[in-house]
Structures are given as structure tokens and as C-alpha cells.
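Please look over the sequence and the model shown here, and keep both at hand while reading.

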Amino acid sequence: MQIADLGDVQLHYRIDGDADGAPIVFANSLGTDLRVWDAVVDLLPAGLRVIRYDKRGHGLSSCPPPPYSMGALVRDAERLLDFLEVRDCVFVGLSIGGMIAQGLAVKRLDQIRALVLSNTAAKIGTAEMWKDRVQMVQAQGIGALADAVMERWFSRGYRASPQLQLWHNMLVQQSRDGYAGCCAAIAGTDFYTPTSGLRLPCLGIAGSEDGATPPDLVRETVDLIPGSRFHLIRRAGHIPCVEQPEEYAERLTAFLQETGHIG
């Protein structure tokens with residue numbers, strides 16, 4: 001476990017693989033920490049410098065007072081990559097992590113050479129929806145919405161397995177302020193125009209049973225970027241890297257090869 005002190009926030013990060021390898025950076029979803037990528041990381045080929053981090057208010061990172069802006073979340077990622085001297089990475093963003101990926105690619109193309117936008121969109125939900133969720137979390141805690149979140153996160157089959165309890169526990173153990181802060185960031189984000197100006201390799205990944213960012217929404221966003229690719233993972237919800245890690249890693253590895261990131 002390592003921490004990057006960026007002044008107003010301290011980010012927990014982890015690096016696996018080859019210290020001198022081609023960098024790949026993973027940004028996780030709302031209400032999760034970097035362990036959401038464990039199974040996929042274990043399946044990636046050799047020769048990669050694999051970087052994961054907990055965004056502010058999540059996991060073992062610090063939790064500044066909410067609300068947060070998407071600009072702050074993008075700036076956190078930007079400063080972390082500068083701290084780690086990362087250039088020309090492939091950035092894999094899941095859900096809110098995919099929004100961070102879009103914002104960072106617009107701002108710092110020197111840091112990102114290719115994008116993977118997983119279960120995300122240029123705009124997710126409505127400001128009113130996120131405002132209601134913030135109010136519920138602040139009044140009743142994350143546990144009040146945990147069951148509904150599990151339905152969006154996972155397919156029906158996975159929800160019947162004992163493994164579901166792990167992710168339920170991960171969600172409810174996140175910081176209430178951190179969760180609410182990131183909800184506010186999503187509420188204020190509409191990246192349709194900036195994302196449509198991007199010109200870099202992009203892979204979109206969606207889950208067939210995703211109740212948060214349905215496949216058509218993901219496809220609509222990646223289609224904003226000319227030449228992008230799209231892959232649908234069946235029998236998976238909002239977090240296919242957990243439900244179908246083999247297929248996720250296989251498609252990700254193929255993208256790394258197609259873009260020349262690995263041989």
C-alpha cells in the first residue's frame with residue numbers, strides 16, 4: 001500500500017507488474033475501491049506497469065469535505081500520474097472512473113494514448129436523481145440504498161451467489177461523505193461536447209444487464225470518438241470486471257495489442 005500526498009488530498013495507490021513496463025491505469029466505480037480490479041489484473045499479460053488508485057473519499061484515500069466537482073476528480077488523477085511520472089498510458093475507467101478518463105484525456109493527451117470506457121457515459125442520470133441520492137445518503141447512510149445498488153451492479157445470477165455479500169460490504173463501508181461528494185461530481189457532468197472532440201484509440205465495454213449505464217448509453221458515448229470499438233459482455237451488470245473477469249481481461253489484452261501498447 002502506498003500513498004501519494006497531493007496537498008489537499010492523499011490518494012492510496014498500488015502498482016503491480018513490471019516497474020519498467022507499459023503503463024495501464026485503472027479508475028474504479030462509485031462506492032468501490034481498487035480491489036474491484038483484482039481478478040482482471042491477475043489475468044493481464046506480463047510487461048505491463050499496472051497502476052490502480054482509490055479516488056478521493058473512497059477506499060484508503062483521504063476524504064476532503066464534499067461536494068466534489070468532476071474537475072477535482074480529474075485533477076486528482078492528473079496529479080497522481082504526474083507524481084508517478086506516467087506518460088502515454090492506457091487509461092481504463094469504470095463508471096465514474098470512465099468520466100474521469102474522458103476529462104483527463106481532454107486535458108492531458110500527453111498522459112493518455114488510449115482509453116477504455118467501461119460501463120460509463122458522457123452523462124449519467126440527471127442532476128435531480130443524484131441530488132436525491134445525496135440527500136438519502138446524508139440522512140440515512142449508504143446502507144439505505146445498498147440493495148438497489150446491488151441490483152444495478154450485478155446480474156440476476158450473480159446476485160444469487162454468496163460473493164454478493166463482499167461487494168455489499170465494500171459499498172456500505174465507504175465514506176458517506178466520499179460517496180455523496182462523488183455523486184455531486186457526476187450530477188454536474190456532461191462530457192458530450194468535449195468527448196466528441198477526442199481523437200485517440202478507444203474501447204467501450206458494457207454489461208448486458210447493467211442497470212446503471214445500459215449498453216446503448218455506453219455505445220452512444222464511445223461512438224462520439226471516431227474509430228472507437230465496442231464490446232458487450234453478456235451475463236454481467238455494471239461491474240463486468242468482477243462478474244466476467246476472464247472475458248474482460250481477454251478483450252482488454254486484445255485492445256492493448258491492437259493499439260501497440262504491448263507486443
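The paragraphs below go through helix packing and then some backbone details.

This is a predicted model, in which local features need pLDDT of at least 70 and side-chain atom pairs count only at pLDDT 80 or more, whereas totals for chains, interfaces and linings use all residues. Residues are numbered from 1 along each chain as its sequence is written, and side-chain values use heavy atoms, with hydrogens and water left out. Helices (H or I, at least four residues) and strands (E, at least two) are DSSP runs, numbered from the N terminus.

Buried means under 20% relative accessible area, exposed over 50%, and partly exposed in between, with a 1.4 Å probe and protein chains only.

Two packed helices are described by the angle between their axes and the distance between the axes. For α5 and α7, the axes come within 10 Å and cross at roughly 125°, which means that α5 is oblique to α7. Here axes are lines fitted to C-alpha atoms, for helices over the stretch in contact, and angles run from 0 to 180 degrees between N-to-C directions; angles under 35 degrees count as roughly parallel, over 145 as roughly antiparallel, 65 to 115 as roughly perpendicular and the rest as oblique. Which residues of α5 and α7 meet? On the α5 side they are A146, D147, V149, M150 and W153, and on the α7 side L164, W167, H168, L171 and V172, where contact means heavy atoms within 4.5 Å. The residues of this contact divide into eight nonpolar, one polar and one charged. In that classification Ala, Val, Leu, Ile, Met, Phe, Trp, Tyr, Cys and Pro count as nonpolar, Asp, Glu, Lys and Arg as charged, and the others, Gly among them, as polar.

Helix α8 also packs with helix α4 (residues 127-140), at an angle of about 170° and with the axes 9 Å apart, so α4 is roughly antiparallel to α8. From α4, the residues A127, W130, R133, V134, V137, Q138, A139 and Q140 meet R176, Y179, A180, C183, A184, I186 and A187 of α8. The contact of α4 with α8 is made up of 11 nonpolar, two polar and two charged residues.

Within helix α2 (residues 70-83) is A72, a buried residue with a relative accessible area of 7%.

In the loop between α2 and β5 (89-94) lies D88, which has a positive phi of about 55° although it is not a glycine. D88 is partly exposed, its relative accessible area being 43%. S95, in the loop between β5 and α3 (96-107), likewise has a positive phi, near 60°, in a residue other than glycine, but S95 counts as buried at 8% relative accessibility.
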